[in-house]
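I opened the model to look at the ligand shells and a few strands. My notes follow.

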Amino acid sequence: MKDNGKKKSDLFLIYPCNHRRWPLLPNSVLALMDPLMKAGFSPKIVDTAVEDYRSFDYREAICIGISALTDQSILQGIEVARYIKNRYPKIPIVWGGHHPTVLPEQTIRSPVADIVCRNEGELTFPELVERMADHQLIDDVPGITWKDCHGKVFHNPDRDLIEMDSVSLYPYHLLDLKKYPVIHERFPYQSSRGCPCRCRFCSFDVLKRWRAKSHSKMVDEIGWVMETFHPQDIEMADDNFFVSKKRVRDFCEGVVNKGLSFRWSANCRFDYFSEYEDDFIELLKESGCYLLCFGGESGSDRILDYLDKKLNRQQILESVGKAKRHHLQIQISFMCGFPDETQEDILATLSLLDEIRRIYPSVEINGFFIYTPYPGSALFDEVQKFGFRPQKSLEEWGRFDPNLDHSTRTTPWILKKERTFLETISAMVRFEFLLKKYQEMSNLQKRAWFFNSVFIVKLFDLFNLFFKTSYKVRWKRRWFNFPLEWKTWTFMRDRFLGRV
Ligand code: B12
Ligand code: SF4
């Protein structure tokens, strides 16, 4: 508590629109808890996926913080903000996270935003809350955008990025952990932030300089996580885990030398992996690495260059061969629908998929996603020349769903016939991936999904058989028109599984 007993110390951190069925840990706001508590405040997390935001008493709050990505979390955030504004108009609403960071001006223009915290919140937010609790001016707090009572907007200078060794494990015990089974399944551990690459589709403005935790801190922290939560595996929640090969090598040796035993997965790049020596890959495996996820993006070198991916088709194939030799599971995702993409480019990607499956049949092709322009990415500005009109307000961005919104609005340059073609391939590739995941489930798990009915499981198997057959025939002939069955499948997937 603060030394002056009269000062308010309560504040709420809203994590809106998480997955209701499989709630993810609200890491964005969890990261702010320790710094706020160390500064003497009593923050509370409200995760709208697992609790009703209306059941909290906000009366005494210094402010409300809302976290947002560029997706429907914004709509839920706005709903909460309106609820607060209607009842307690004097409580300031602070928005933070990737979306407000890349579009601070537009966010602050919303009537339900008073302050935007740009980039990392660990230092900025406690300083800001301290000022508000003391009724002091905020005009020199670095890293915020704010507006005065006349609506005039001010962008304070950026704050320096923090070093990762100053970031401790989050205080998970503050959550009602029963509501987050993921903590015992795939535990997300962030060992670095940022990325030195500049792929043009990636929201890199928010990535900035790459910073990482030291290998010894990683080993200690993951050891603690394993002892405390016993997760099935650790998922490195980094954009680019492998920037420093030395750090990864030291980490793996640390794990092996300490005799720790756990499975882990991470994102990697094909240009890195194609250069890795056999002993390094074996060390990865020895330390528990069981899955690496790659962005293959395209089978056309021309498109890979256009995306500034610093990668070529040959490196993808070499890496796939290497992973197969080492029996290391890999997952690859692809994209399509760029303004400059031709039919030949698409066919090159399809033939790459065939080659990959031939080299390493158990590779997981995670998806063939239609490109989504994200604010903060280099392509975001360029695609406006091709008719893309970005959403104009925070509210409009809330109606933007990166997975479901393959509308003419996000990619207006794709002609109707081409769109059908791409949507069909996209649905088919995703079907294959999800089917694989479904087949990996135990009979018990399958039955639990289908109301414990063996009959429904059998019916679903028949349903899958039909789609598998359609897949085979269509893929072989590269015939993706009149896809009535795939439209039905997409409709049902979106309706019953939501964002998978
Ligand atoms: C791990 C990860 C995932 C995981 C798990 C996410 C989870 N919740 O556990 C999975 C695989 C599920 C995933 C999925 C997706 N992801 Co993702 N993911 C990440 C990644 C690599 C790390 C996220 C993380 O754990 N961050 C750790 C926390 C502590 O950082 P943070 O959220 O940035 O929060 C800090 C600040 O932003 C700020 N802050 C945040 N909220 C608030 C609130 C207040 C009030 C304040 C003051 C400050 C503040 O303070 C925090 C501490 O510094 C990020 C990239 C990144 N570096 O963050 C991409 C990233 C968030 N994902 C991204 C995308 C696009 C997606 C998908 C849409 C992909 C897809 N097409 O399906 C989905 C949808 C996810 C969803 N709606 O939840 C984009 C988002 C771009 C954008 N503008 O919104 C990112 C930024 C990657 C990128 N560079 O493009 N993702
Ligand atoms: S796509 Fe991956 S490698 Fe490329 S800039 Fe984004 S995080 Fe870095």
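Helices (H or I, at least four residues) and strands (E, at least two) are DSSP runs, numbered from the N terminus.

I noted the ground rules. This is a predicted model, where local features need pLDDT of at least 70, side-chain atom pairs count only at pLDDT 80 or more, and totals for chains, interfaces and linings use all residues. Residues are numbered from 1 along each chain as its sequence is written, and chains are lettered from A and ligands numbered from 1 in the order in which they are written.

**Entry 1: β14 and β15.** I looked up M335 and found F369 of β15 opposite. Strands β14 (residues 329-336) and β15 (residues 364-370) run parallel, with six bridges. Between them the chain passes through helix α12 (residues 343-359), in a right-handed β-α-β crossover. Right-handed means that, with the strands pointing away from the viewer, the path from the first strand over the helix to the second runs clockwise.

**Entry 2: β4.** I found β3 and β4 parallel, joined by four bridges. G65 stands opposite V94. With helix α2 (residues 73-87), β3 and β4 make a right-handed β-α-β unit. β4 also runs parallel to β5 (residues 115-117), with three bridges. There W95 has V116 as its bridge partner.

Which way do the residues of β4 point? I93 and W95 point one way, V94 and G96 the other, and all are buried. Buried means 20 or more other C-beta atoms within 10 Å of the residue's own, with C-beta atoms placed from the backbone. In a regular strand the side chains alternate between the two faces of the sheet.

**Entry 3: ligand 1.** I counted a residue as near if its C-beta atom, placed from the backbone, lies within 6 Å. The shell holds 37 residues, and S28, G65, S67, G96 and G121 are the closest. α1 (27-38), β3 (64-67), β4 (93-96) and α3 (98-102) each give at least two residues. α1 has the largest share, five residues.

**Entry 4: P104.** I found P104 in helix α4 (residues 104-108). Why is P104 counted as buried? Because P104 has 22 C-beta neighbours inside 10 Å. P104 touches V116, R118, T145 and H155, leaving out residues up to four places away in sequence; contact means C-beta atoms, placed from the backbone, within 7 Å.

Key. Pairing = 2+ DSSP bridges. Buried ≥ 20, exposed ≤ 12 C-beta atoms within 10 Å, placed from the backbone. Contact = placed C-beta atoms within 7 Å.
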